[in-house]
Amino acid sequence: MIGIIYWSGTGNTEQMANVIAEAAQAKGGDVKVMEVSEFDPADAEKYEVLAFGCPAMGDEVLEEDEFQPMWDEVKTKLEGKKAALFGSYSWADGEWMEKWDAEAKELGINLVAESLPVYEAPEGESEDKCKAFGEALVG
């Protein structure tokens with residue numbers, strides 16, 4: 001089972017999650033999409049692959065009220081686990097994704113797809129990247 005967990009403020013990261021899920025399902029993946037509030041970090045082991053989606057917030061950081069606390073709890077359970085990171089941004093250059101990606105690698109998380117930052121909504125080439133990301137979750 002593939003778990004796709006996301007937080008979205010404007011709907012762009014939610015759109016990404018849905019495109020990713022559709023592509024994974026089309027490739028034969030069993031996918032469950034959840035908003036961060038629906039995911040219990042204690043359930044992390046139930047998933048073969050976990051994809052986490054969060055947009056850039058404030059000073060190029062993860063969303064601090066819901067997503068960051070969940071991430072802080074679950075990241076310690078992910079060493080060696082297959083996972084992937086995605087999210088949208090509307091300013092700057094995607095530094096939040098670079099920091100998040102580096103943290104995941106330092107923790108020994110097995111990133112099965114290149115971390116995917118998308119400028120605003122997934123359209124055209126960025127939508128194609130979301131589809132390829134979803135397919136990579138299936139393997």
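Trainee: What is meant by calling Phe-67 and Trp-100 buried?
Mentor: The word rests on relative accessible area: buried means under 20%, exposed over 50%, and partly exposed in between, with a 1.4 Å probe and protein chains only. Phe-67 is buried on that scale, and so is Trp-100. Please note that this is a predicted model, in which local features need pLDDT of at least 70 and side-chain atom pairs count only at pLDDT 80 or more, while totals for chains, interfaces and linings use all residues. Residues are numbered from 1 along each chain as its sequence is written, and side-chain values use heavy atoms, with hydrogens and water left out.

Trainee: How many aromatic pairs does the structure hold, and what makes two rings a pair?
Mentor: There are eight aromatic pairs in the structure. One of them joins Phe-39 and Phe-52, with 6.4 Å from centre to centre and 75 degrees between the planes. Rings of Phe, Tyr and Trp (its six-membered ring) pair if their centres lie within 6.5 Å; planes under 30 degrees apart are stacked, over 60 edge-to-face, and the rest tilted. The 6.4 Å is within 6.5 Å and the 75 degrees are over 60, so Phe-39 and Phe-52 form an edge-to-face pair.

Trainee: Why is the pair of Phe-39 and Phe-52 said to link distant parts of the chain?
Mentor: Phe-39 belongs to the loop between β2 and β3 (49–53), whereas Phe-52 is in strand β3, and the two are 13 residues apart. Helices (H or I, at least four residues) and strands (E, at least two) are DSSP runs, numbered from the N terminus. Phe-39 has a relative accessible area of 7% and is therefore buried; Phe-52, at 0%, also counts as buried.

Trainee: Which residues form one aromatic cluster?
Mentor: Phe-39, Tyr-47, Phe-52, Phe-67, Trp-71 and Trp-100 do.

Trainee: How many salt bridges are found, and what makes a contact a salt bridge?
Mentor: The term requires a side-chain nitrogen of Lys or Arg within 4 Å of a carboxyl oxygen of Asp or Glu. Asp-43 and Lys-46 come to 3.2 Å, N to O, which is within 4 Å, so their side chains qualify. Asp-43 is partly exposed at 23%, while Lys-46 is exposed at 57%.

Trainee: How do you know that Lys-99 and Glu-95 form a salt bridge?
Mentor: The closest N and O atoms are 3.8 Å apart, within the 4 Å limit, so the term applies. Both residues lie in helix α3 (residues 95–106), four residues apart, about one turn of the helix. Lys-99 is partly exposed at 41%, and Glu-95 is partly exposed at 37%.

Trainee: Where do Lys-105 and Asp-101 lie, and how far apart are their N and O atoms?
Mentor: Their salt bridge spans 2.9 Å, N to O. They are four residues apart in helix α3, so about one helical turn separates them. Lys-105 is exposed at 54%, whereas Asp-101 is buried at 14%.

Trainee: Which residues are linked in a network of salt bridges?
Mentor: Asp-72, Lys-75 and Glu-103 are linked in this way.

Trainee: Where does Lys-27 lie, and what does it touch?
Mentor: Lys-27 is in the loop between α1 (12–26) and β2 (31–35), and it is partly exposed at 42%. Beyond neighbours within four places in sequence, Lys-27 is in contact (heavy atoms within 4.5 Å) with Glu-135, Val-138 and Gly-139. Its side chain also reaches the backbone oxygen of Gly-139 at 2.7 Å.

Trainee: How many disulfides does a search of the whole structure find?
Mentor: The search finds zero. Cys-54 is in no disulfide, and the nearest cysteine sulfur, in Cys-130, is 15 Å away. A disulfide needs two cysteine sulfur atoms within 2.5 Å, so 15 Å is too far for a bond. Cys-54 counts as buried at 0%, and Cys-130 also counts as buried at 0%.

Methods
A polar contact is a pair of N or O atoms within 3.5 Å; within protein, one must be able to donate a hydrogen and the other to accept it, and residues adjacent in sequence count only if both atoms are side-chain atoms.
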